Amino acid sequence: MEEYGKILIIAMPVFLALIIIEKIYGIYKKNDTAPLIDSVSSISSGITNSVKDVLGLSVTFLSYEWLVSKIALQHLEANVLSYCIAFFVIDFYGYWSHRLAHQINFLWNKHAIHHSSEEFNLACALRQPIASLVNLFTFLLIPAALLGVPASVIAITLPIHLFLQFWYHTKHIKKMGFIEYILVTPSHHRVHHAINPEYLDKNHSQIFIFWDKLFGTFQEELDEVPPVFGITRPANTWNPIKINFQHLGLLIKDAWRAPKWKDKFTIWFKPTGWRPENFEEKYPVNKIDNVFNFKKYGTQNSQKLIYWSVIQMLITLLFVSYLFENIAKIGLPNIFIYGFFIFLTIYSYTELMDKNKFAVLWEGFRLAIVICIIGYYGDWFGLNLVIPISNYIIFIYLILSFLATFYFVNFDFKTNQNQYINS
């Protein structure tokens, strides 16, 4: 946990800098592909995922370390060869786990968040799941285990492999010549994120594009079919925690309402989107039928609210950085209390972004939690040792945040709504 936290402290500012550069470049080229409010939602999703991973909030039924101890035909050292083998096998593992997440109903729940943005930009690469609480696909690493690749090599290579998937989430890089035949490029991945019928469930590869060509899931980006992004059942919320469990909620409801016991069981393993017979008519859900004729999700937010959301996200990144830097010092079970505060913070300000009046209650609850934490421990998890007046700074921030939320709900939302109606 601590080592991964240290890696993320380095990675976070790099990702943020690249997102800002893409934004500036888009404005300069008069083709801004990264609306601020969408980016805030995406980065907030990335925060929830990284906190979940650092806190170890997932279960692996079959660990790679156990696997390699049982079936290795030899034992490699941690050298260039073992890292190359690990990277190649992880990419194979990534292709199949990714493809299955698109094809099996209950697995789609953990992946829908990544596709939920109706934009395509570097920020949406950070839309990663918190719903992936169980790792089912360690068996796909059997080739590496047979060759005796050390578990430490796999542990280091996995985050590197993940981070290398960041760069190709952009509309600003067009087709890349001969590279298109070897690596996953922005063009390939635009196809993957598109909801056009021609593009659905294509290009699952993560680094090497030849997996799709080998297993029959490759689709070139067509000049005459511009990709349209999102998911066919739109999320219609900026709240990443809600998005993470929307599909699961629908599956539970459909399984409960299904009259046949067979459907109650098989719905989980059917192709993604499958519902019992006549359920689309009896229990309709919002679905995009014409990809070129639907309205992107937006809540007519004022510029004040958009800028306030950016500020909230940046402050949350500061809180997260302190957590990642001080995991050992904060210790158990306090890191889980801290993690709960991060999740509550993101839930609160993204509810405000959705113009939900209950955001005031969530913000009040957040303030109460902080009062309890500082009242019990005396400071914010040892922050007073670094900044002696940190208690006052945190209290002032939380009070201002509560007052701002109250203002937006009771004044800004109503004013903005009236202006929209009159226009």
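Helices (H or I, at least four residues) and strands (E, at least two) are DSSP runs, numbered from the N terminus. The structure is a predicted model, in which local features need pLDDT of at least 70 and side-chain atom pairs count only at pLDDT 80 or more, while totals for chains, interfaces and linings use all residues. Residues are numbered from 1 along each chain as its sequence is written, and side-chain values use heavy atoms, with hydrogens and water left out.

The protein chain comes to 17 helices and two strands.

Helix H13 and helix H15 have axes (lines fitted to C-alpha atoms, for helices over the stretch in contact) that come within 10 Å and cross at roughly 170 degrees, the angle running from 0 to 180 degrees between N-to-C directions. That makes H13 roughly antiparallel to H15, a term for angles over 145 degrees.

| Helix | Residues | Among its contact residues |
|---|---|---|
| H13 | 303-325 | Leu305, Trp308, Phe319 |
| H15 | 334-353 | Ile335, Tyr338, Met353 |

By class, this contact of H13 with H15 has 15 nonpolar, four polar and no charged residues, where Ala, Val, Leu, Ile, Met, Phe, Trp, Tyr, Cys and Pro count as nonpolar, Asp, Glu, Lys and Arg as charged, and the others, Gly among them, as polar.

For the chain as a whole, the C-alpha atoms fill a box of roughly 60 × 55 × 55 Å, taken along the principal axes.

Technical notes:
Angles under 35 degrees count as roughly parallel, over 145 as roughly antiparallel, 65 to 115 as roughly perpendicular and the rest as oblique. Contact means heavy atoms within 4.5 Å.
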